[in-house]
Amino acid sequence: MADYAIAVGSVEMLALTDGQGDMQPLNVFRASTLEQWQSEYPDLLDGELIHPRFGTTAVRSGGKLIVVDTGLNAPGCTLMNDMREKGIDPATVDLVVLTHLHPDHIGWNLTDGKPTFPNARYIATQADWDYWTSPEIIASADHIKEQALPLKDLNIIDLIGSDDYSITDELTAVGTPGHTPGHISIIISSGGERGYILGDVAHSPAQAHYKDWSPVFDIDPAMSRRTRHAVMDMLESEGTLVSAGHFPGNGFGRFVRLEGRRVWQGI
């Protein structure tokens, strides 16, 4: 199997990318220090910058091709090319699941006003939709006007509850709020194996240890911290395979304990 593909039972996950960002770590994680990054995470630094990946996960389950999140779609972004190189035709996608409605997760919902995945239905949570379309938020949320509202007009989006929504017999959406009000992650259960599509519960491998580092993008930082603690404790204790969209490489790995410290172990 290619290094961008991994199996969880009979489910196949394919790592896709829409490129990467260029950010000052202290502008993202304001509780951190540059010394911490330089001494503990030099592999994540490029000079004084970090490069979070704009990751997407394609999933084959129950005879369906599912895309989880659609990237940023800014100049230089690579998702469409990456999909083609990995043998994915956008027209064959059955379902697009949006973990939340931040710009770097819905950017390729539409292209030139038309659905990028023309035969797919889209799923988002009602809680996220209500937040982002509220008058005080949508007034400055052009990405919602451009990449979310047209889905409603076209009647191709389904708004779901934020917990225990069955996507297929092997995939379940679960609520992981804090980053946004209706943020979801996806549990994969197949053939006695477990997987987890993280969404933005964490943005960096550094948060495996520094779980209280809430990025500036979190809408409710306190809730985000509680969610991150609970989710990482669970994923570590179960040894679950994780797909983490903003993590380096293909984003596949596990949270493990090493010398008394939780770390991210990429695959």
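In which sense do strands β11 and β12 pair, and over how many bridges? Strand β11 (residues 171–175) and strand β12 pair in the antiparallel sense over 5 bridges.

The structure is a predicted model, in which local features need pLDDT of at least 70 and side-chain atom pairs count only at pLDDT 80 or more, while totals for chains, interfaces and linings use all residues. Residues are numbered from 1 along each chain as its sequence is written, and side-chain values use heavy atoms, with hydrogens and water left out.

**View 1. The open sheet.** An open sheet of mixed pairing is formed by 7 strands in the order β1-β2-β3-β4-β5-β8-β9. Its edge strands, β1 (5–8) and β9 (157–160), each pair on one side only. On average, neighbouring strands of this sheet are turned by 25° against each other, direction ignored (axes are lines fitted to C-alpha atoms). Strands are DSSP runs of E with at least two residues, numbered from the N terminus; two of them pair if DSSP finds at least two bridges between them.

**View 2. Strands β4 and β5.** Residues 64–68 (β4) and 95–97 (β5) pair in the parallel sense over 3 bridges. Val-67 has Val-96 of β5 as its bridge partner.

View 3. Of the 7 residues in β12 (residues 184–190), 6 are buried (under 20% relative accessible area with a 1.4 Å probe, protein chains only). Ile-188 of β12 stands opposite Leu-171. Strand β13 (residues 193–197) runs antiparallel to β12 and is joined to it by 5 bridges, with Tyr-196 of β13 as the bridge partner of Ile-187.

**View 4. The hairpin of β12 and β13.** This hairpin has 2 residues between the strands, and Gly-191 takes a positive phi near 60°.

Key: Helix = DSSP H or I, 4+ residues; strand = E, 2+ residues; numbered from the N terminus. Axes fitted to C-alpha atoms, helices over the stretch in contact; angles between N-to-C directions. Buried < 20%, exposed > 50% of the residue type's maximum accessible area, 1.4 Å probe, protein only.
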